[in-house]
Amino acid sequence: MDVVNSRTILRPRDPERSLRFYRDVLGLAISREFPGGTVFFLGQGFLEISGRGEHGPSPDQVLWIQVRDLHAEFDRLAELGVAVEAAPVRQPWGLDEAWIADPDGTRIVLVEVPADHPIRTDQRPR
């Protein structure tokens, strides 16, 4: 398989509410908009919010979002009333993680990769 591009697609129960969450609360940049949907930049991938779902998310599905400053983002989102599942903590595998949920209950893990972690790839100065 020669993959050219990829994206995760969410079908929210309330598309406008989810659009506001990902655009205004998380602050994701828009890649493109089309009738009935919006595609956001998500680091090296994309997140599409389109259509309307009926059943809600599976607890087995998680969005993994790496951020530069986990504590600052977590505090900002908690102040905005975002559903918090777990506060930031260093995991046994060496990543700092916090868990939140979108308005439909889609679980989102916010991750900060410590400077000395082996998978760290972003070496730009802060």
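A83 lies in strand β6 (residues 83–90); strands (E, at least two residues) and helices (H or I, at least four residues) are DSSP runs, numbered from the N terminus. The model is predicted: local features need pLDDT of at least 70, side-chain atom pairs count only at pLDDT 80 or more, and totals for chains, interfaces and linings use all residues. Residues are numbered from 1 along each chain as its sequence is written, and side-chain values use heavy atoms, with hydrogens and water left out.

**Surroundings of A83**

- A83 has a relative accessibility of 41%, so A83 counts as partly exposed (buried is under 20% relative accessible area, exposed over 50%, partly exposed in between; 1.4 Å probe, protein chains only).
- Leaving aside residues up to four places away in sequence, A83 touches I100 and A101 (contact means heavy atoms within 4.5 Å).
- R107 is 24 residues from A83 in sequence, and their C-alpha atoms are 9.6 Å apart.

**Aromatic pairs**

- The whole structure holds three aromatic pairs (rings of Phe, Tyr and Trp, its six-membered ring, with centres within 6.5 Å; planes under 30 degrees apart are stacked, over 60 edge-to-face, the rest tilted).
- One of them joins F21 and Y22 edge-to-face, at 4.9 Å centre to centre and 90° between the planes.
- The pair of Y22 and F40 is tilted, because the planes stand at 40°, with the ring centres 6.4 Å apart.
- Y22 belongs to helix α1 (residues 15–25) and F40 to strand β3 (residues 37–42), so this pair links distant parts of the chain, 18 residues apart.

**The cluster**

- Ring pairs join F21, Y22 and F40 into a cluster.
- F21 is buried, Y22 is buried at 0% relative accessible area, and F40 is buried at 0% relative accessibility.
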